[in-house]
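Here is a briefing on one structure, grouped by topic for quick reading. Look at the sequence and the model first.

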Amino acid sequence: MNFKKICILGLGYIGLPTASTFAAHGVQVLGVDVNERIIETLRRGEIHIHEPGLRDTVRAALTSGHFTVSNQPDGADAFVIAVPTPFHQNKFGKFNGQEFKLADMRAVTTAAEAIVPFLRKGNLVILESTSPPRTTIDLVAPILARSGLQPGRDFHLAYSPERVLPGQILRELIENARVIGGITPQSAKAGADLYSIFVKGEIIQTDATTAEMVKLMENTYRDVNIAIANEFARLADKFGVDVWEAISLANHHPRVKILSPGPGVGGHCISVDPWFFVESAPELTPLIYSSRKVNDAQPHYVVRLVDRALGSLKDKRIAALGLAYKPDVDDLRESPAVEVVHLLQEQGAHVKAWEPFKAGATIEGVNLSSSLDDAIKDSDAILLLVRHTEFINLKPTDIASKIRARAIIDTVNGWNVKEWQDAGFTITRLGVRK
Ligand SMILES: NC(=O)c1ccc[n+]([C@@H]2O[C@H](COP(=O)([O-])OP(=O)(O)OC[C@H]3O[C@@H](n4cnc5c(N)ncnc54)[C@H](O)[C@@H]3O)[C@@H](O)[C@H]2O)c1
């Protein structure tokens with residue numbers, strides 16, 4: 001298939017890099033977002049998210065005239081849906097007395113509905129949003145069929161999961177292998193034609209439901225693996241072992257790869273996607289369910305660790321370093337670090353947080369400092385919650401000259417114990433009681 005014009009719905013972490021990359025490869029791209037603020041920001045040549053290299057790519061795409069933005073779709077050869085699929089905040093499912101979270105598919109529904117008036121014979125529609133199994137066939141296809149055209153016969157429909165790493169999105173978009181699941185083999189082939197415009201990694205064609213499951217399996221595998229690492233951390237603490245050393249030794253086994261424990265699992269993907277399996281088949285997913293529960297409980301475990309380190313939390317002044325859900329990104333969605341801060345405050349601690357990727361921002365329920373120095377001055381303890389490079393590179397002697405307190409709590413194995421001890425600090429680490 002030949003693609004002259006593409007319409008991409010949703011200009012966030014996935015849609016915006018995808019749109020600007022297609023445009024950089026000479027395709028005419030219309031980027032659509034329902035958020036007017038995002039459209040205005042892009043029209044000014046600015047971007048609303050932090051992702052290395054993205055501003056330059058977007059600006060070049062806008063200047064070249066290959067990329068335009070709007071709050072509604074228009075006719076195109078292909079439509080790509082990259083809208084959010086979070087879980088409902090106040091709606092839960094229940095199985096055997098246990099509650100589970102439910103996918104909020106309203107954005108996918110609205111985006112598919114918005115395409116209907118513009119859909120033409122021979123078009124291709126791709127769903128990229130992470131979705132419960134069978135979404136492409138059971139939710140998206142019937143909506144698109146309201147156009148009077150039949151999915152798979154009159155137009156192509158496929159699911160293609162995105163597995164880019166925030167911080168590396170522009171590179172991984174091009175280099176990663178990509179799975180395309182069509183509702184027919186012809187739809188998969190059309191999807192492969194589209195992405196071959198810029199993808200250098202392998203493009204593998206399959207059916208839509210397999211592709212949906214692949215994405216959920218990847219993230220669920222990681223969630224379960226992190227849950228076991230978090231349980232290992234709790235066990236190591238109980239038995240007086242250093243979990244970081246133990247994991248590194250276990251990983252010398254040629255067929256073992258244990259991930260790292262930490263303050264919990266966050267972000268838009270790993271902490272969300274496993275619920276899509278649980279929701280779809282609660283009777284088949286006790287392990288996936290338990291892993292979600294273990295990881296969701298980890299911020300509470302961290303708060304108990306801080307309590308133990310400081311003797312109590314009441315009126316303690318704590319400098320929390322990092323709020324993002326992972327290192328070197330500005331993304332706070334579902335972040336366990338933010339939850340740790342809230343829980344500490346609920347227990348009577350006074351927390352000042354420093355998040356270098358959110359300087360000057362306002363975050364509900366968080367006392368955000370204007371600088372690292374502002375956060376740590378007058379604090380009773382420093383709590384490291386995210387392995388931002390900037391934090392890992394801090395010099396203990398430097399910090400020692402700025403504050404009186406000497407208590408450090410490291411939840412991410414970010415700091416060299418000896419260096420901090422040499423500078424006079426007492427260091428408490430997640431997964432270590434020695
Ligand atoms: N961020 C990641 O690293 C990542 C990785 C893999 C998969 N995903 C999946 O990709 C999808 C998008 O994620 P994201 O991180 O880009 O989300 P995001 O929140 O950064 O961006 C989504 C954008 O879609 C817009 N939007 C919402 N409804 C819309 C509609 N009906 N029409 C047009 N625009 C609409 C929102 O305003 C927002 O700007 C999700 O399903 C997510 O799970 C994300």
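A backbone N or O atom of Val83 lies 3.4 Å from an oxygen atom of the ligand. Taken alone, the ligand exposes 830 Å², and the protein buries 91% of that; accessible areas come from the Shrake-Rupley method with a 1.4 Å probe, and for residues only the protein chains shown count as cover. The model is predicted: local features need pLDDT of at least 70, side-chain atom pairs count only at pLDDT 80 or more, and totals for chains, interfaces and linings use all residues. Residues are numbered from 1 along each chain as its sequence is written, and side-chain values use heavy atoms, with hydrogens and water left out.

**Ligand site**

- The ligand is surrounded by 25 residues, and the closest are Ile14, Asp33, Thr85, Thr130 and Glu162; a residue counts as near if one of its heavy atoms lies within 4 Å.
- Asp33 places a polar side-chain atom 2.6 Å from an oxygen atom of the ligand.
- Tyr13 has a backbone N or O atom 3.1 Å from an oxygen atom of the ligand.
- Helix α4 (residues 106–115) supplies the largest share of the shell, three residues. Helices (H or I, at least four residues) and strands (E, at least two) are DSSP runs, numbered from the N terminus.

**Buried elements**

- Helix α1 (residues 15–24) has nine of its 10 residues buried, so it is largely enclosed by the rest of the structure. Buried means under 20% relative accessible area, exposed over 50%, and partly exposed in between (1.4 Å probe, protein chains only).
- The buried residues of α1 are Gly15, Leu16, Pro17, Thr18, Ala19, Ser20, Thr21, Phe22 and Ala23.
- Gly26 follows α1 and has a positive phi, near 90°.
- Ser160 sits in the loop between β8 (156–159) and α6 (169–175). Ser160 counts as buried, at 0% relative accessibility.
- The Ser160 side chain makes a polar contact with the side chain of Arg178 (2.9 Å). A polar contact is a pair of N or O atoms within 3.5 Å; within protein, one must be able to donate a hydrogen and the other to accept it, and residues adjacent in sequence count only if both atoms are side-chain atoms.
- Leaving out residues up to four places away in sequence, Ser160 touches Ile126, Leu127, Glu128, Arg178, Val179, Ile180 and Tyr195. Contact means heavy atoms within 4.5 Å.

**Salt bridges**

- The whole structure holds 25 salt bridges. Each is a side-chain nitrogen of Lys or Arg within 4 Å of a carboxyl oxygen of Asp or Glu.
- Side chains of opposite charge can pair when their charged atoms come close.
- Asp296 and Arg292 form a salt bridge, with the closest N and O atoms 2.9 Å apart. The two are four residues apart in helix α11, which separates them by about one helical turn.
- Arg292 counts as buried at 0% relative accessibility, whereas Asp296 is partly exposed at 27%.
- Lys101, Asp223, Arg292 and Asp296 are linked in a network of salt bridges.
- Asp373 bridges to Lys402, with the closest N and O atoms 3.3 Å apart. Asp373 lies in helix α13 (residues 372–376) and Lys402 in the loop between α15 (396–400) and β14, so the pair ties together parts 29 residues apart in sequence.
- Asp373 is partly exposed at 37%, and Lys402 is partly exposed at 39%.
- Arg134 and Asp138 meet through their side chains in a salt bridge (2.9 Å, N to O). Arg134 is partly exposed at 39%, and Asp138 is partly exposed at 47%.

**Surface and backbone**

- Ile228, Phe232, Leu235, Phe239 and Val241 form a nonpolar surface patch, with about 430 Å² of accessible area together. Patches are made of residues with over 30% relative accessible area and no salt bridge: like charges are joined within 9 Å, nonpolar side chains (Val, Leu, Ile, Met, Phe, Trp, Tyr) within 5 Å.
- Phe232 lies in helix α8 (residues 208–239) and is partly exposed at 30% relative accessibility.
- Most residues other than glycine have a negative phi.
- Asp315 is not a glycine, yet has a positive phi of about 60°. Asp315 lies in the loop between α11 (286–310) and β11 (317–321).
- Asn413 also has a positive phi, near 55°. Asn413 is found in the loop between β14 (407–410) and α16 (417–422).
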